[in-house]
Amino acid sequence: MPEPRVDVVLPCLNEEGALPWVLSRLPDGYHAIVVDNGSTDRSAEVARELGATVIHEPRRGFGSAAHAGLLSATAPIVAFCDADASMDPADLPLVVDPVAAGAVELVLGRRRPTTRSAWPAHARVANWALAQMMRDATGVNLHDLGPMRAAGRPALLALELADRRSGYPLEMVLRASATGWRIREVDTPYSPRVGRSKVTGTVRGTFTAIKDMSRLLAAERRRPTQSDRGSERPQ
Ligand SMILES: Nc1nc2c(ncn2[C@@H]2O[C@H](COP(=O)(O)OP(=O)(O)O)[C@@H](O)[C@H]2O)c(=O)[nH]1
Ligand SMILES: [Mg+2]
């Protein structure tokens, strides 16, 4: 088999119902790395049976899972995708191709709901506020902290992301921007998930996400900006 061009990291917590469809939708040359840390259903077995690499990460948390997937990837490009069938892996080239072409270093898929029920109202409002803060922090015209995304593997590793909970996707964007990466947002369809939400669909998950993300944004605001650094230079 030829080496995969793209490794797709799929954080997965109890997604046995969604995985067969998700894994059947990968484009040629894309290899799935399903990262499980705590599933009580048959997610890991289902993923393995369907040909995915399955990683078991002992530490809980979305960031733990996402980062373990990145560390075990070997392809030059790494993409991230939810394993809940809310996004279609067949759309991954939308985020991968601009990175593969060398046009930008990070592409985020802006979630475009296909039905009203795809995205709960409180999650939309929280996301709208978050997008405003991301625009302020990065200067990029972002509208969503899109979970479907792609970047080069060595570059991602060099960001040395530290968050291991729900702040991981935001930390990636903030660090990438601070490092001078070109970031692009593309539209990607977003459908109702299969099974139950673990993050923004629950009050606890939303609360944790807001806490993790606020901490990161506050830390980002404390960092010296490009212009501050510029004015520190001797004249
Ligand atoms: N391994 C792992 N996967 C997780 C964890 N939390 C969420 N996920 C997965 O991350 C993806 C997004 O989570 P989801 O519950 O859909 O969040 P939502 O889209 O905000 O409702 C799904 O594939 C989940 O199974 C976690 O702690 N560990
Ligand atoms: Mg989801």
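Q: What makes a backbone atom of Cys12 a polar contact of ligand 1?
A: A nitrogen atom of ligand 1 is 3.1 Å from a polar backbone atom of Cys12. The limit is a pair of N or O atoms within 3.5 Å; within protein, one must be able to donate a hydrogen and the other to accept it, and sequence-adjacent residues count only through two side-chain atoms. The pair therefore qualifies. This is a predicted model, with local features needing pLDDT of at least 70 and side-chain atom pairs pLDDT 80 or more, while totals for chains, interfaces and linings use all residues. Residues count from 1 along each chain as written, chains are lettered from A and ligands numbered from 1 in written order, and side-chain values use heavy atoms, without hydrogens or water.

Q: Which other backbone atoms lie at polar-contact distance from an oxygen atom of ligand 1?
A: Pro11 has a polar backbone atom 2.8 Å from an oxygen atom of ligand 1. For Phe62, a backbone N or O atom lies 3.4 Å from an oxygen atom of the ligand. The protein covers 93% of the 570 Å² of accessible area that ligand 1 has on its own (Shrake-Rupley, 1.4 Å probe).

Q: How do you know whether Trp119 and Tyr190 are buried or exposed?
A: Trp119 has 9% relative accessibility, and Tyr190 has 8%. Buried means under 20%, exposed over 50%, partly exposed in between (1.4 Å probe, protein chains only). Both therefore count as buried.

Q: What lies over the face of Tyr190?
A: Arg111 does, at 5.3 Å from the ring centre. The test asks for NZ of Lys or CZ of Arg within 6 Å of the centre and within 35 degrees of the ring normal.

Q: Why does Ser166 count as buried?
A: Its relative accessibility is 11%, so Ser166 is buried. Ser166 lies in the loop between α6 (153–158) and α7 (168–178). A polar side-chain atom of Ser166 is 3.5 Å from the backbone nitrogen of Ala209.

Q: What makes helix α3 largely enclosed?
A: In α3 (residues 62–72), 8 of the 11 residues are buried, so the rest of the structure largely encloses this helix. Among them are His67 and Leu70. Their cover includes β1 (6–12), β2 (30–36) and α6.

How values were computed: Helices (H or I, at least four residues) and strands (E, at least two) are DSSP runs, numbered from the N terminus. Contact means heavy atoms within 4.5 Å.
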